[in-house]
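Here are my notes on the model. Please read them with the structure open.

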Amino acid sequence: MASPLARRVARAIRRRGLWRDDDRVAVAISGGPDSVALTLLLAELAPNKALPNFELRTSNFEVDRDAFGALDSSETRSKARWQLVGLIHVDHQLRGAESDADAAFCAALAARLDLPIDRTSVDVTSHAARERRSLEASARELRYGAFAAAAARLDATVVVTGHTSDDQAETVLLRLLRGATMRGVSAIRWRRGLYARPLLECRRAELRAYLAERDEAFREDSSNADETIPRNRLRRALMPAIEEMWPGGVQALARFAELAADDEALLAKMAEDCDVRVRSAADGVELKRGPLAALPAPIARRVVRAGLEAAGGRPAARDVEAVRRLAASSKQRGRLTLHGVRVDVEAGRVRVGLNRPSEPHVTFAYELPVPGDVEILETRTRLRASLLTSPERPAGTPDVAVLQASAVAAPLTVRTRRPGDRFRPLGAPGSKTLQDLLVDRKVPLMQRQAVPVVTDRDGRIVWVAGVEIAHDCRVTRPEDGMVKLELVTKGIL
């Protein structure tokens, strides 16, 4: 019989529709108490896994009816439903020997549970310096990219993370204090894309108690004591005061985030359905001024934000409000410059584009031999292709792609994107246009035409250089041979 906490988690999985019976679930594990508890809880629940000390038997698996509901009469109790297919561990290379010990601990736990583990290292420090972003933001970006790649290697359809209601409350407060909008304070979602968070109704203290009852070890991250990190300061100074002065305050903040997410989803859908955008093209976005000004403020803000983001901007709340107010004003003309994005307001139009003269239209197409390299003169960029054979897949980065050799028909072509280009990004449920992918990944508008697109002999996109590989080209059998593609030098990219 599953433990009481596991039954609660199972109810949350079912009630929230976090995954289906035919899904393959992988756990993102750091070695900390939350992710270790999540791993053990799912090992209790997964029909294809069992922990002897939890008194589960795969040969005669008893499904908890309160958690999962009654089985169909045609099903047997030994029939597996969703599967727990492995663990994913990402080393951020920030804590030296401590990180190595974390990885070893996670590998040992995977072995004890008889689960595969996908271990990946990412260079957070170099990425942060190159992109001029904080270590925390860079770590998150690289971590989730590694999760998606690992899920493809494990053939997982869902990746679960150990976020708790404490994490939710902290995120809400941090974002409120930074001036976030409704979209920001809706914070951590139960399910978004590939990722699910089945512990969002659980407290950290509950998870530690669960581990203590079973005498289970976990790792403590020394960086959690670093109070130069805003979240750590809030966690150590503010959260205990809330607990003391407002019992139940953490749960109240978590409920607020969920309600905000519901409101945001509705408002975003209403904004999307508005007939305000005239066009979205390579030189920017154009909106109808009159209809935009006539929209209720909550809807207009979301339309403006979407336009600024589509043009390559990263708008703050004050930027969105400035555009909305200018569009609704009595001025015949006006101009705003907002973080590299220029907004021109005329009699009937609001035009959004980059705040610099248009660059010449870049067009190129070169053959890339395998192995071999090619120099793209138009963008001062060089790409290199090589063949690899190894029992393990090397780690990829935004500038290095590793593909299954049998999935790529040589010779390759490196070219600019074309209207209508589509492909299925790694880990995505289906195909999407290349335009949408570049917008989603926030590639600046004036750089999108220069992004090298690598296609195979059949014209299929196998890699959008510096962005993403095609899901169908992911490495599933490294021992059968791989093609490694490298963006060796970068010019205007």
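**Notes on a predicted model**

1. Helix H2 is mostly covered: 13 of its 13 residues are buried. The model is a predicted one, so read "buried" as under 20% relative accessible area.

2. The length of H2 checks out. The helix runs over residues 33-45. At 1.5 Å a residue, its 13 residues should span 18 Å, and the end C-alpha atoms are 18 Å apart, so the two agree.

3. What does H2 pack against? Its partner is helix H9, residues 204-213. The angle between the two is about 65°, and their axes lie 9 Å apart. The crossing of H2 and H9 is left-handed.

4. On the H2 side, the contact residues are Pro33, Asp34, Val36, Ala37, Leu40, Leu41 and Glu44. H9 contributes Arg204, Leu207, Arg208, Tyr210 and Leu211. By class, this contact has eight nonpolar residues, four charged and no polar ones.

5. Leucine 308 sits in helix H13, residues 297-310. Its relative accessibility is 3%, so it counts as buried. Leaving aside neighbours within four places in sequence, leucine 308 contacts Gly313, Pro315, Val320, Val323, Val341, Val343 and Val352. Aspartate 319 is 11 residues from leucine 308 in sequence, with 9.1 Å between their C-alpha atoms.

6. Confidence needs a word. The mean pLDDT of the protein is 84, and 88% of its residues reach 70 or more. Over residues 50-80, however, the pLDDT is below 50. Beyond near neighbours in sequence, that stretch has 54 contacts in the model.

Key
Residues numbered from 1 in each chain as written. Predicted model: local features only at pLDDT ≥ 70, side-chain atom pairs only at ≥ 80, totals over all residues. Heavy atoms only, no water. Helix = DSSP H or I, 4+ residues; strand = E, 2+ residues; numbered from the N terminus. Expected span 1.5 Å × (residues − 1). Buried < 20%, exposed > 50% of the residue type's maximum accessible area, 1.4 Å probe, protein only. Axes fitted to C-alpha atoms, helices over the stretch in contact; angles between N-to-C directions. Left-handed = near helix turned anticlockwise from the far one by under 90°. Contact = heavy atoms within 4.5 Å. Nonpolar A, V, L, I, M, F, W, Y, C, P; charged D, E, K, R; others polar. pLDDT = per-residue confidence, 0-100.
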